[in-house]
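Visitor: I am new to this structure and would like a close look at a single part. Please take one residue and what it touches, and then go on to the parts around it.

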Amino acid sequence: MTKNENLHPKDIKEVILGDHELSIHEVVAVARYFAKVSFTEAYCNRVKTSRGLIEKFLQEERAIYGVTTGFGSNVTKVISKRDAEILQRNIVRSHAVSVGEPLEKEVVRAIQLMILNHLGHGFSGVSLAVLELMAGLLNHDILPVVPGDGSVAYLAPEAHIALVLMGEGKAWYNGELLSGCDALEKAGLKPVVLGCKEGLALLSGTTSVTAFASLALYHAIQAVKTADISGAMSFESLKGTINAFDPRLHSVKKHAEQGNTARNLVRILNGSKIAEEYKDYRLQDALSLRCIPQVHGAVKKVLKNTLENLMNEMQSVSDNPIIWPEGDDGIALMGGNFDSSFIGIDADSMCIAMANLAKISERRIDRLVNYHVSELPNFLVANPGLNNGYMIPQYTAAGLLNEIRVLSHPATIDNVSTCANQEDVVSFAYFAAKKAYQISKKLQYILAIELMLGTQALDFYGSLSPSPVTGKVHQFIRAKVPTVLEDRFFQPDIDIIFQHIQEGKIVTLVEELIGELE
């Protein structure tokens, strides 16, 4: 266990690579909250040993892919040791061809951290100086400009980052867009000349895919816990029949996540006068209410599986070739560890899981604003007609859900051969992970709308009090988003709640009252 164990990412001030498994919280700490990055002595020693081997191989002019040969289908072209540096410079320059809008800052920083984590295992032959400069970019807040479109799985986004290490490309520093060389100079850093294999090692692997997937999974875990809370508030506001969460019912369905979710809902709603008053109001409710344990539970299972594979990937070496030490010598093992299928397929699964969570949340939102089924004022405003109330936020949720559904089409089932048919199977994991990241934020907006509406709905219950937990959430949101008495500009309200979901504040508030949500 490290000192960062169980800390919120914003409370992690330093991530020391080398002696422990990198956690998702640490990834978020560096990517979003600017935690410093450093290396252990063991990390440095592994890197130095591996670098010594690759230099030995070069001097002996062994036939090694990407060191004494060209890349891709150019593997048949022999490269002399005097051209080793030119080869590495050329791969970075030629591969920096992603296009479109730049990736978000936290994504670029997460990719850089993944590169450091991946290469620090000591099987890639890079020099410590290169990795120290990469850490320097993070610690001095130098942000390479990385266009975000057009990658099949890896290579191009990483190449734009590697350009800055060489003093090329573009980067942001202190609010200025500068050349890579100028950004380094202003931060007191110097560019490196990439030696044999270093350009290839910086580009190859699952680093951008794993970075996107880590951020998406962090968001998704916050979202599914928040969905238990927002779902409970909607359930309470809509006079749900809490008998649907009876543990006997869930004991005969052998999915632990379903039973755990039902217990979460019971714990959240414990002490609710509203739930007690209406527990026998209907024989059974609509599926968006009584199937919360089943749907939320299934999503949690997918996220658990993804977390296991993601942790395995972050402990893995995804380079090619692998520099394997054997006594005082070693061997270069050439294969396909750069393939991103594990994380790509999981990312596609995450997309489908999050779409299901968005789907059920949007249906609860629709019920809250529809007086035909809610038995509450139409669109949750006291004077409908003159006021539209929360009519249109449901449209927003529906629009976001439509976008999520389109993005949920699996990317990894596709294939387009590249590199003169040398790379004839392509994972397309990059877009799978990228769209999981996009969906995770759209989902959080839908949940923000549900919490906003659930809070407003509870305002109409007067003397019937909500549970202590939902009451506390109601109080928390009301301190920032006032009751709607007449139409106003609602978008800032949604953004405020969205930020609190993303920061984990609503989940933390609830867990401080009843313990960790299962």
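Guide: Leaving aside neighbours within four places in sequence, Ser427 is in contact with Val152, Ala153, Asp339, Ser340, Ser341, Ala411 and Thr412. The model is a predicted one. Ser427 sits in the loop between α17 (391–407) and α18 (429–458). With a relative accessible area of 7%, Ser427 is buried, because buried means under 20%.

One of the contacts of Ser427 is Ser341, and helix α15 covers residues 341–369. Arg364 belongs to α15 and Glu450 to α18, so the bridge ties together parts that are 86 residues apart in sequence.

Arg478 pairs with Asp459, with 2.7 Å between the closest N and O atoms. Arg478 lies in helix α19 (residues 468–478) and Asp459 in the loop between α18 and α19, so this pair ties together parts that are 19 residues apart in sequence. Arg478 is buried, at 16% relative accessible area, whereas Asp459 is partly exposed, at 27%. Salt bridges that share partners also join Lys56, Glu60, Arg62 and Asp329 into one network.

Arg248 forms a salt bridge with Asp246, and the closest N and O atoms are 2.6 Å apart. Arg248 counts as exposed, at 65% relative accessibility, and Asp246 counts as partly exposed, at 23%. Side chains of opposite charge can pair when their charged atoms come close. A search of the whole structure finds 30 salt bridges.

Lys10, Lys13, Lys480 and Lys505 form a patch of positive charge on the surface. Among them, Lys10 is placed in the segment before β1 (14–17) and counts as partly exposed, at 34% relative accessibility.

The surface also has a nonpolar patch. Trp324, Ile331 and Leu333 make up this patch, which is about 260 Å². Leu333 is in strand β9 (residues 329–333) and counts as partly exposed, at 38% relative accessibility. Asp329, a member of the salt-bridge network, falls within the residue range given for β9.

Asn320 and Pro321 are joined by a cis peptide bond, with omega at about 0°. Pro321 is in the loop between α14 (292–314) and β8 (322–326). Glu61 has a phi near 55°, a positive value in a residue other than glycine. Glu61 lies in the loop between α2 (41–59) and α3 (84–95) and is partly exposed, with a relative accessible area of 48%. Asp141 likewise has a phi near 55°, positive in a residue other than glycine. The place of Asp141 is the loop between α5 (128–139) and β4 (143–144), and Asp141 is partly exposed, with a relative accessible area of 29%.

Definitions and conventions: Residues are numbered from 1 along each chain as its sequence is written. This is a predicted model: local features need pLDDT of at least 70, side-chain atom pairs count only at pLDDT 80 or more; totals for chains, interfaces and linings use all residues. Side-chain values use heavy atoms; hydrogens and water are left out. Patches are made of residues with over 30% relative accessible area and no salt bridge: like charges are joined within 9 Å, nonpolar side chains (Val, Leu, Ile, Met, Phe, Trp, Tyr) within 5 Å. Accessible areas come from the Shrake-Rupley method with a 1.4 Å probe; for residues, only the protein chains shown count as cover. A salt bridge is a side-chain nitrogen of Lys or Arg within 4 Å of a carboxyl oxygen of Asp or Glu. Lys and Arg count as positive and Asp and Glu as negative; His and the chain ends are not counted. The place of a charge is taken as NZ of Lys, CZ of Arg, CG of Asp or CD of Glu. Helices (H or I, at least four residues) and strands (E, at least two) are DSSP runs, numbered from the N terminus. Buried means under 20% relative accessible area, exposed over 50%, partly exposed in between (1.4 Å probe, protein chains only). Contact means heavy atoms within 4.5 Å.
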